Amino acid sequence: MAYYTLAFTYFVCTLTIGAVASSPTRDQVLSIEPKSDEEIQVIKKIYNQYKAVLWQPSSIDAIGINKEIHLYINATNIEEVKTQLCTGNITHSTMIGDVQQLIQMQKNTNQVFQPRGFAAYYEQYHTLQEIYLWMSQITSAYPPYIEKILIGPSAEKRLIYVLKIFKGVDQPKGALWIDCGIHAREWISPAFCQWLVQHLIDTEDKMITDILNSFEIYVLPVWNVDGYDYTWTTNRFWRKNLAKHKMGQCVGTDLNRNWDAGWGGHGASNNPCSETYGGQYPESEPEVKAVAAFIRQRSNHIKCYISIHSYSQMILFPYSYKISRSKDHNELKQLAKKAAAALRSVYGTRYTYGNSARTIYLSSGCSDDWAYDLGIKYSFTFELRDTGKYGFLLPPYLIKPTCIEAGIALREILHHTIQDI
């Protein structure tokens, strides 16, 4: 039986390599599942040797036995990488066969903003300059309800804005926070925040309108403005900001490892070249410093913190930096379960849920942990679609359903939050 399995694997690998060699070369994303520590070492060698980009997990140190890995490989190295995997009898498959085709599909943006109703504008991805323009236009279109607030500059001096949405006439009872785009390559995240702002303005859902009559909602559409712009102009799969480091050639800090929440621990790197570099110290990055200052000034006012990421289809809550449960674990778990069920009721999409450290892996210096430790009990991270078919290259036709179902989950969390106040 073992001989048959090896022979079959060799046959498949031979066909695969032959197909690569005889067809036009394309950048690809491979799905790999190591079965032993030895196979993990081979994958790490490939990662370093070919300067591959790790899509999932976010850190090379988080690779584990029987855990699926998504690895982006440049076209010039595809054949060699697949040969090494086949030689090592390592389980793998091609997840995305033509990366460039999906990138071009994502960049096909030609719709102008229409402030009334859900136009096709919200079913496309947009450049940073287009989002800046949209923020100005939507603020002008709904002056009684939306205020644009400058909270600080980025590492490269681009401007970071928060949109405050409120429809009430009396003093607000509190505020709810939602941020998008902390990781540059996660394009569905800013697309969700844009969709959400328009949805909050247009919706006839009484629960949402009641919330907006009593609570302010702060929305940060693009947090990592430098990195996001860079993914449109230079490197589609860039994750970090663009901070320069002294005495080093590598650029960028992972803004979701730069918070004073177990900073510098598991899941963060002290190597500036790493995708999960946590910075020189907590809040060393201007993008983090700006948001931290804004939230601290309103820590008694903000009752809910939600950070939107992709991809994995998960609803996560603290802690990330330690295995132990938070004092509100049971309530947060039940709320995440309820939100995931509501989301699933729309299109049948399954989201998993749980505290981050146990559901995915340990990671330190994360924003939702920091918000929770600051006293914002209802702190969550959403990982939007999908689970790997497209990964960071989710096609535009999936933006709308992704936003609608996530909006339903968000509604459950916001409703529970205000009921608790």
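This briefing covers the cysteines and the nonpolar cores of the structure above. The model is predicted. A search of the whole structure turns up two disulfides. The largest nonpolar core has 105 residues, and a second, separate core has 18.

**Disulfide Cys-180 to Cys-193**

- Cys-180 and Cys-193 form a disulfide, with 2.1 Å between their sulfur atoms.
- The pair links distant parts of the chain, with the two cysteines 13 residues apart.
- Cys-180 lies in strand E7, residues 174–180, while Cys-193 lies in helix H6, residues 188–202.
- The disulfide of Cys-180 and Cys-193 is right-handed, because the torsion about its S-S bond is about 80°.
- Cys-180 has 0% relative accessibility, so it counts as buried.
- Cys-193 also counts as buried, because its relative accessibility is 0%.

**Disulfide Cys-250 to Cys-273**

- Cys-250 and Cys-273 form a disulfide, and their sulfur atoms are 1.9 Å apart.
- Cys-250 is partly exposed, at a relative accessible area of 23%.
- Cys-273 counts as partly exposed, at 49% relative accessibility; the cut-off for exposed is over 50%.

- Cys-304 counts as buried, because its relative accessibility is 0%.
- For Cys-403, the closest cysteine sulfur is in Cys-180, at 8.7 Å, which is too far for a bond; a disulfide needs the sulfur atoms within 2.5 Å.
- Cys-403 is at 0% relative accessibility, so it counts as buried.

**Nonpolar cores**

- The residues with the most contacts inside the largest core are Trp-55, Trp-134, Trp-177, Phe-192, Ile-306 and Phe-380.
- Helix H6 gives the largest share of this core, nine residues.
- Setting aside residues up to four places away in sequence, Trp-55 touches Val-29, His-70, Tyr-72, Met-95, Ile-96 and Arg-185 among others.
- The contacts of Trp-55 also include Phe-237, Tyr-311, Tyr-390, Gly-391, Phe-392 and Leu-393.

How values were computed. Residues are numbered from 1 along each chain as its sequence is written. This is a predicted model: local features need pLDDT of at least 70, side-chain atom pairs count only at pLDDT 80 or more; totals for chains, interfaces and linings use all residues. Side-chain values use heavy atoms; hydrogens and water are left out. Helices (H or I, at least four residues) and strands (E, at least two) are DSSP runs, numbered from the N terminus. Buried means under 20% relative accessible area, exposed over 50%, partly exposed in between (1.4 Å probe, protein chains only). A nonpolar core is a set of buried Ala, Val, Leu, Ile, Met, Phe, Trp, Tyr and Cys residues joined through side-chain atoms within 4.5 Å. Contact means heavy atoms within 4.5 Å.
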